[in-house]
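Hello,

The structure you asked about is below, and my notes on it follow.

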Amino acid sequence: MTLSVLDLFSIGLGPSSSHTVGPMRAARLFARSLAEAGRLDEVVRVKAVLFGSLGATGQGHGSDHAVIMGLAGLAPESVGADEAPRVVAEAMDSGRLRLDGTREVAFSAQDVVLNGWESLPGHPNGMRLTAYSSEEAAAAAGSGAEDGAVRDSAPAHGVVASQEYYSVGGGFVVTAEDLAEAGSGTDEPEVPEPYPFASGAELLQRCRESGLSVAGVMHANELTRHSAEEIRTALLDVWAVMQECVENGCSRTEEVLPGVLLAKRRAPGLRRRLREQQAQGDTQDTLWAMEWVNLFALAVNEENASGGRVVTAPTNGAAGIIPAVLHYFDMFRECNDDRVEEFLLTAGAIGTLFKRNASISGAEVGCQGEVGSACSMAAGALCAVLGGTPEQVENAAEIGLEHNLGLTCDPIAGLVQIPCIERNAIASVKAINAARLSLVGDGTHRVSLDDAITTMRDTGRDMMSKYKETSRGGLAVNVAVNLPEC
């Protein structure tokens, strides 16, 4: 499996990469496949069943609305935050949906079923999309939908097409066939990378052999897919969206975030206070920089929680960490476009190790796979732009992950708000500390990044499912009794 840094840093809407961006992409792929096969005109209705974690927290994550948007042909990287709710409202109100943006078909809210008690075999985030050529077939398949049961009783002649998809974290979507192909080891790049690596140890070896930095190795590999100009432009676009996201999160006038938690926005007020202190020259607090890091992370994740436009880095639930650390470097150090590119390439190289050897999906390994991987990526990237050697970068990434091992994913009410938003701020500061610790040494250390990633993977496998983005354990249960009524 080969991964591009541009796969890890994609642009989309909140609140979740695996539960919002992924389902939108899957539904759009399904609609596009019908169009490309010339079968749109046969379809009178489409139904979707979201399984496992997608079904359990789908309402809080907006998964049901994401499916509607995807079926309507909207792409997460281009849809506007204001356009998305309008498309959903029109489908709900009219009882009609423009499949792939063209073919009008019947639609009702019952056509998207949230089944949190069953899972498809490939991944906890599974979904099945089926297109029907007759209302009778759709009705037969939908019987029992009210209780979340899955029915496959529709006559074969009434099914135009059916496909199962898995949202495997970070907005990545695969089919069951994709999973089988990946397991067979047949996923080879069209153009061989000059410095392939599948582990942290191999990445360091490539750096030693070539004399390149971690970012240099990643850039050389990226050149097999994109030109140097394309890479630079795309990464600077990512940085621009990160900056826009922070500004948006600091500028919102709404006092509370959407949803039953009625969680208060903190970023606008915190920025006002910091700017007032700055204007008064009151910046002698030794933790002044940390206050800004907290602000950057809170702003991004509050924007994500309200369905705003964010960079998946590597997930939406952890989208604030890498931007917060990069903003810190930009504000308090010497930053330019070259350093931004180096930062994101380094973070991307580390991120590929998580995606390849473990998971970045909270539904699969818990929040250690989201916040832990983002903290690790940010720590290694900051170490690099502060002048660290590849060995020190690997050390920083290991420290950033090691102290997030075992972190559960237990969002209250299924919303990406509590504890998710604060968790990004804490992890951002932790990433900076990890980078600084690594720079004190020479890069030699007892626990390798590979060891930590393996441990995270094994811990995720042992973790009970109720602690993996199902909102059935931890804070999600112990605090839920105090929720206001919906």
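The side chain of serine 134 reaches the backbone nitrogen of alanine 137 at 3.1 Å, a polar contact (a pair of N or O atoms within 3.5 Å, where one must be able to donate a hydrogen and the other to accept it; residues adjacent in sequence count only if both atoms are side-chain atoms). Serine 134 is in the loop between strand E6 (126–132) and helix H7 (135–142); helices (H or I, at least four residues) and strands (E, at least two) are DSSP runs, numbered from the N terminus. Not counting residues up to four places away in sequence, serine 134 touches Val44 and Gly158, with contact meaning heavy atoms within 4.5 Å.

This is a predicted model: local features need pLDDT of at least 70, side-chain atom pairs count only at pLDDT 80 or more, and totals for chains, interfaces and linings use all residues. Residues are numbered from 1 along each chain as its sequence is written, and side-chain values use heavy atoms, leaving out hydrogens and water.

Next, a helix pair. H14 (residues 321–332) and H15 (residues 337–357) have axes 11 Å apart and pack at an angle of about 150°, which means H14 is roughly antiparallel to H15 (angles over 145 degrees count as such). Ile322, Val325, Leu326 and Phe329 in H14 meet Arg339, Val340, Phe343, Leu344 and Ala347 in H15.

Finally, an unreviewed UniProt entry annotates residues 209–476 as "domain: Serine dehydratase-like alpha subunit"; such annotations may be inferred rather than shown by experiment. That span is 63% helix and 1% strand, and its end C-alpha atoms lie 48 Å apart.

Regards

Conventions
Axes fitted to C-alpha atoms, helices over the stretch in contact; angles between N-to-C directions. Parallel < 35°, antiparallel > 145°, perpendicular 65-115°, else oblique.
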